[in-house]
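Let's take a friendly walk through the inside of a protein model. Have the sequence and the 3D view ready as you read.

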Amino acid sequence: MRIIFIDQKISTSKIVLKGKDNIINIANLSILYNCSFDIIGNNNKVVIGDLSVLNNVKFYNRGNNNTVFINNKVRFNRSGLIWVEGQFCEGIIGDSTTIEDSHIAITEPYSKICIGSDCMFAYDIDLRTGDSHSIINSISNKRINFAKDIYIGNHVWIASHVTVLKGVSVSDNSVLATRAVVTKSFTEPNILIGGMPAKKIKEYVNGDRKIILS
């Protein structure tokens, strides 16, 4: 096992690494407060890029050959859980994305969650590639709910209490409204998505971090 800290500040509540060739790599000038790493398996990797700030984030891994990449200038402002369970899973968070509080669950082998750059995530957001249990067709006796990847584009704003389920892609510059349950992909950029299940509400929109008063 290897833990590589490069010129950063870290206050970590717990580090558990069990297995072979597991790596935590925290790059230049990143700051971690009360984060924890609970990794059991072999050949797993967590990489945190430059100038990122993580508060109360838990990294949980059960399995082998899994990777989590948090790129440069990413912020978890309140808390977060990155849950990986399986083999050859991958989680990616792009540069300058900010997250208040999210549960990011990569729950079955070979599944992936990719979050683009400059995204804004509010709190109580749930992304999951699978259901963590099987649903069986009662006639064929075969499973029907296998895991599927999730892709969130660049500059996507996800409001509070949103759930994004397996197999969903959301295009660049989109906005997901509060309490949306996203069960299908939206390939058109610059749209407002909302509802349960979510649908397109408006087009030609774009989120902005600033509050513009006029």
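## A look inside

In the largest nonpolar core, which has 45 residues, Phe59 and Ile70 touch the most other members. Strand β4 (residues 31-40) contributes the most to this core, with four residues. A nonpolar core here is a set of buried Ala, Val, Leu, Ile, Met, Phe, Trp, Tyr and Cys residues joined through side-chain atoms within 4.5 Å. In soluble globular proteins, nonpolar side chains tend to be buried together.

Please keep in mind that this is a predicted model, where local features need pLDDT of at least 70, side-chain atom pairs count only at pLDDT 80 or more, and totals for chains, interfaces and linings use all residues. Residues are numbered from 1 along each chain as its sequence is written, and side-chain values use heavy atoms, with hydrogens and water left out.

Which residues does isoleucine 70 touch? Leaving out residues up to four places away in sequence, isoleucine 70 is in contact (heavy atoms within 4.5 Å) with Val47, Ile48, Gly49, Ser52, Leu54, Phe59, Phe76, Ile82 and Ile93.

## Aromatic pairs

Three aromatic pairs turn up in a search of the whole structure. Rings of Phe, Tyr and Trp (its six-membered ring) pair if their centres lie within 6.5 Å; planes under 30 degrees apart count as stacked, over 60 as edge-to-face and the rest as tilted. Phenylalanine 37 and phenylalanine 59 form a stacked pair, with 4.7 Å from centre to centre and 5° between the planes. Phenylalanine 37 lies in strand β4 and phenylalanine 59 in strand β7, so this pair ties together parts that are 22 residues apart in sequence. Both phenylalanine 37 and phenylalanine 59 are buried.

Tyrosine 60 and tryptophan 83 are also stacked, with 3.9 Å between centres and 20° between the planes. This pair links distant parts of the chain, 23 residues apart: tyrosine 60 is in strand β7 and tryptophan 83 in strand β9. Strands (E, at least two residues) and helices (H or I, at least four) are DSSP runs, numbered from the N terminus.

Is tyrosine 60 buried or exposed? Tyrosine 60 counts as buried because its relative accessibility is 14%, while tryptophan 83 counts as partly exposed at 26%. The cut-offs are under 20% relative accessible area for buried and over 50% for exposed, with partly exposed in between (1.4 Å probe, protein chains only).

## Two cavities

The structure holds two cavities of 30 Å³ or more. On a 1 Å grid over the protein atoms alone, a cavity is a set of points where a 1.4 Å probe fits but cannot get out, and lining residues have an atom within 4 Å of a point. Grid points are joined across faces, edges and corners, and a volume is the space filled by probe spheres set on the points.

| Cavity | Volume | Lining by class |
|---|---|---|
| Largest cavity | about 80 Å³ | seven nonpolar, four polar and one charged residues |
| Second largest cavity | about 40 Å³ | eight nonpolar, one polar and no charged residues |

In these classes, Ala, Val, Leu, Ile, Met, Phe, Trp, Tyr, Cys and Pro are nonpolar, Asp, Glu, Lys and Arg are charged, and the others, Gly among them, are polar.

The lining of the largest cavity includes Phe59 and Tyr60, and β7 gives the most to this lining, with three residues. Around the second largest cavity, the lining residues include Val68, Ile82 and Ile93. There, β10 supplies the largest share, three residues.

Note on methods
On a 1 Å grid over the protein atoms alone, a cavity is a set of points where a 1.4 Å probe fits but cannot get out, and a pocket is an open set with protein on both sides within 12 Å along at least five of seven lines; lining residues have an atom within 4 Å of a point.
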